[in-house]
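Please look over the sequence and the structure, then read the points below.

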Amino acid sequence: MTSQKQFPAPKQRPKLGVEKLTPEEQRRRFIEAAQEAGASENEADFDAALKQIAKPKQPNSGQG
């Protein structure tokens with residue numbers, strides 16, 4: 001007969017920084033964070049930023 005060790009159930013701890021927010025408050029905080037990060041709604045700004053970090057795929061020549 002094998003005895004199995006019984007461990008107590010883990011204690012539930014509240015998550016740090018978790019608070020109930022209304023959708024309006026979530027939206028406001030998201031917009032503030034995006035503005036602080038330098039985000040823009042301008043499509044041209046997005047395209048310029050994308051060109052800085054992504055290279056376009058080169059078409060495969062010689063196949064076909």
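The model is predicted. Its chain contains two helices and zero strands. Of the 64 residues in the chain, 0% are buried.

**Whole chain**

- The chain exposes about 7,400 Å², and 53% of that area is supplied by carbon and sulfur atoms.
- Buried residues account for 0% of the chain, where buried stands for a relative accessible area under 20%.

**Helices**

- Helix H1 covers residues 23-36, which gives it 14 residues.
- From its first C-alpha to its last, helix H1 reaches 20 Å, close to the 20 Å expected at 1.5 Å a residue.
- After H1 comes Gly 38, and the phi of Gly 38 is positive, near 90°.
- Helix H2 covers residues 43-53, and Leu 50 has its place there.

- Side chains of opposite charge can pair when their charged atoms come close.
- The count of salt bridges comes to three, taking a side-chain nitrogen of Lys or Arg within 4 Å of a carboxyl oxygen of Asp or Glu as the rule.
- Arg 28 pairs with Glu 25 in a salt bridge, and their closest N and O atoms are 2.4 Å apart.
- Arg 28 and Glu 25 are three residues apart in helix H1, so about one helical turn separates them.
- Glu 25 also forms a salt bridge with Arg 29, with 3.1 Å between the closest N and O atoms.
- In helix H1, Glu 25 and Arg 29 are four residues apart, about one turn of the helix.
- A salt bridge joins the side chains of Arg 28 and Glu 32, at 2.3 Å from N to O.
- Arg 28 and Glu 32 both belong to helix H1 and lie four residues apart, about one turn of the helix.
- Together, Glu 25, Arg 28, Arg 29 and Glu 32 are linked in a network of salt bridges.

**Exposure of the bridging residues**

- Arg 28 has a relative accessibility of 38%, so it counts as partly exposed.
- Arg 29 is partly exposed as well, because its relative accessibility is 36%.
- Glu 32 has a relative accessibility of 35% and therefore counts as partly exposed.

**Nonpolar surface patch**

- Phe 46, Leu 50 and Ile 53 form a nonpolar patch on the surface.
- The accessible area of Phe 46, Leu 50 and Ile 53 together is about 350 Å².

Conventions
Residues numbered from 1 in each chain as written. Predicted model: local features only at pLDDT ≥ 70, side-chain atom pairs only at ≥ 80, totals over all residues. Heavy atoms only, no water. Buried < 20%, exposed > 50% of the residue type's maximum accessible area, 1.4 Å probe, protein only. Areas by Shrake-Rupley, 256 points an atom, 1.4 Å probe, with all protein chains shown as cover. Patch = residues over 30% accessible without salt bridge, like charges linked within 9 Å, V, L, I, M, F, W, Y side chains within 5 Å. Expected span 1.5 Å × (residues − 1).
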